[in-house]
Amino acid sequence: MRSRPMHKYLKYTLYAWLLLLAMPLLSSANEQPEALLKKGNSAYAKEQYKEALAAYQQALDAGYESVALYFNTANAYYKLAEMPAAILNYEKAAKLAPGDEDIQLNLKLANLKITDRIEDVPEFFLTTWWKSFIFSFSAKTLAVFNVTSFIVGFVLLIAYLFLTAVGPKKLAFYAGIIVLSLGLISFIVVNVQSGYLNGKSQAIVFRGAADVKSGPDAKQKTLFVIHAGTKVSIKANNNGWINVVLSNGNSGWIAASDVKEI
């Protein structure tokens, strides 16, 4: 059974607290991956894209992940005209920073270079507006804002208990309530954001031409063919086959080995 990733908000909130309590330890732990990222960036700047990818992959193999690492990895693959791998890494970067305009722009450019041109099913305008709102900030930014808001809010409420002058006392109370409310709103938004992203299992097709079957068997009828770089949503798994749905609503079964999960 495929394990679900840790809740993005909880992970980034934990990082924020550890950053406050154990900064030296975190800096030491991240030193090698950061050095590999810089090494990759240096090679990329010299147009040595394969060398850059080797350094980026070492950082990924070490368990390090960041928006910059996935984004730069995708850019290197893009330069080498390996579009499925580029799209996969742009999508991974977008999961960490869904509101990043550079990631979305580069992802669109990469999708223009693949075979399939699949039109999305039109969304209701309120749905589009809501998604735009909840993805305005990254989960990391919201987590840091949430922790900061709760700290400042509680400090203001504690100050309210000790202040004696009426004016400052009222100011501390209402300011504390407002700041805590903003922290609560950010908590709700990042949970909705994380639930939306992690609740959708998606993958990128890596096979040049993948037959989409009517059932989980190679002998089943071929409904249509999709090509490398196409993104699909995964609905079910069955003995090495996955039931996928395209953005235009078409669905069927393809071999699990034909895709790499985002």
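Biologist: Let's start with the big picture. How many helices and strands does the secondary structure of the chain come to?

Modeller: Before we count, keep in mind that this is a predicted model. The chain has 262 residues, and buried ones make up 39% of them. As for secondary structure, the count is ten helices and seven strands.

Biologist: Among contacts with a separation of 6 or more, what percentage comes from residues 24 or more positions apart?

Modeller: Here we look at contacts in the chain whose partners have a separation of 6 or more. Then we pick out those between residues 24 or more positions apart, and their share is 60%.

Biologist: Now the strands. Which residue in S6 does Trp241 stand opposite?

Modeller: Strand S5 covers residues 241-245, and it pairs with S6 in the antiparallel sense over five bridges. The two strands make a hairpin with five residues between them, and Gly249 in that turn has a positive phi of about 100 degrees. Across the pairing, the residue opposite Trp241 is Ala255.

Biologist: And how many of the five residues of strand S6 are buried?

Modeller: Strand S6 runs over residues 251-255. It is largely enclosed by the rest of the structure, because the number of buried residues among its five is four.

Biologist: On to charged pairs. Which residue meets Glu91 in a salt bridge?

Modeller: The structure holds two salt bridges, and in this one the N to O distance is 3.2 Å. Glu91 lies in helix H6 (residues 83-96) and its partner in strand S4 (residues 231-238), so the pair ties together parts that are 140 residues apart in sequence. That partner is Lys231.

Biologist: Is Glu91 buried or exposed?

Modeller: Let's look at both ends of the pair. Lys231 has a relative accessible area of 34%, so it counts as partly exposed. Glu91 has 10%, and buried means under 20%, so Glu91 is buried.

Biologist: Then there's Asp258. Which residue does its side chain meet in a salt bridge?

Modeller: In this pair, N and O are 3.8 Å apart. Asp258 lies in the loop between S6 and strand S7 (259-261), while its partner is in the loop between strand S1 (202-205) and strand S2 (209-213), so the bridge ties together parts that are 51 residues apart in sequence. The partner is Arg207.

Biologist: What about pockets? Which helix supplies the largest share of the lining of the largest pocket?

Modeller: The largest pocket has a volume of about 1600 Å³. Of its 41 lining residues, the closest to the centre are Glu91, Asp120, Lys131, Gln202 and Lys231. At least two lining residues come from each of H6, H7, helix H8 (125-134), helix H10 (166-198) and S4. The largest share is six residues, and they come from H7.

Biologist: Next, H10. Which side chain makes a polar contact with the side chain of Ser186?

Modeller: Ser186 is in helix H10, and it counts as buried at 4% relative accessibility. Apart from neighbours within four places in sequence, Ser186 is in contact with Leu142, Phe145 and Asn146. The polar contact spans 3.5 Å, and the partner is Asn146.

Biologist: How far apart in space are Leu182 and Asn146, C-alpha to C-alpha?

Modeller: Leu182 is found in helix H10, and it is partly exposed, with a relative accessible area of 40%. In sequence, Leu182 and Asn146 are 36 residues apart. In space, their C-alpha separation is 7.9 Å.

Biologist: One more. What distance separates the C-alpha atoms of Ala68 and Ala97?

Modeller: Ala68 is in helix H5 (residues 67-79), and at 36% relative accessibility it counts as partly exposed. Along the chain, Ala68 and Ala97 are 29 residues apart. Their C-alpha atoms are separated by 9.9 Å.

Notes
Residues numbered from 1 in each chain as written. Predicted model: local features only at pLDDT ≥ 70, side-chain atom pairs only at ≥ 80, totals over all residues. Heavy atoms only, no water. Buried < 20%, exposed > 50% of the residue type's maximum accessible area, 1.4 Å probe, protein only. Pairing = 2+ DSSP bridges. Salt bridge = Lys/Arg side-chain N within 4 Å of Asp/Glu carboxyl O. 1 Å grid on protein atoms, 1.4 Å probe; cavity = no way out; pocket = protein on both sides within 12 Å on 5 of 7 lines; lining within 4 Å. Points joined across faces, edges and corners; volume = space filled by probe spheres on them. Contact = heavy atoms within 4.5 Å. Polar contact = N/O pair within 3.5 Å; in protein donor to acceptor, adjacent residues only side chain to side chain.
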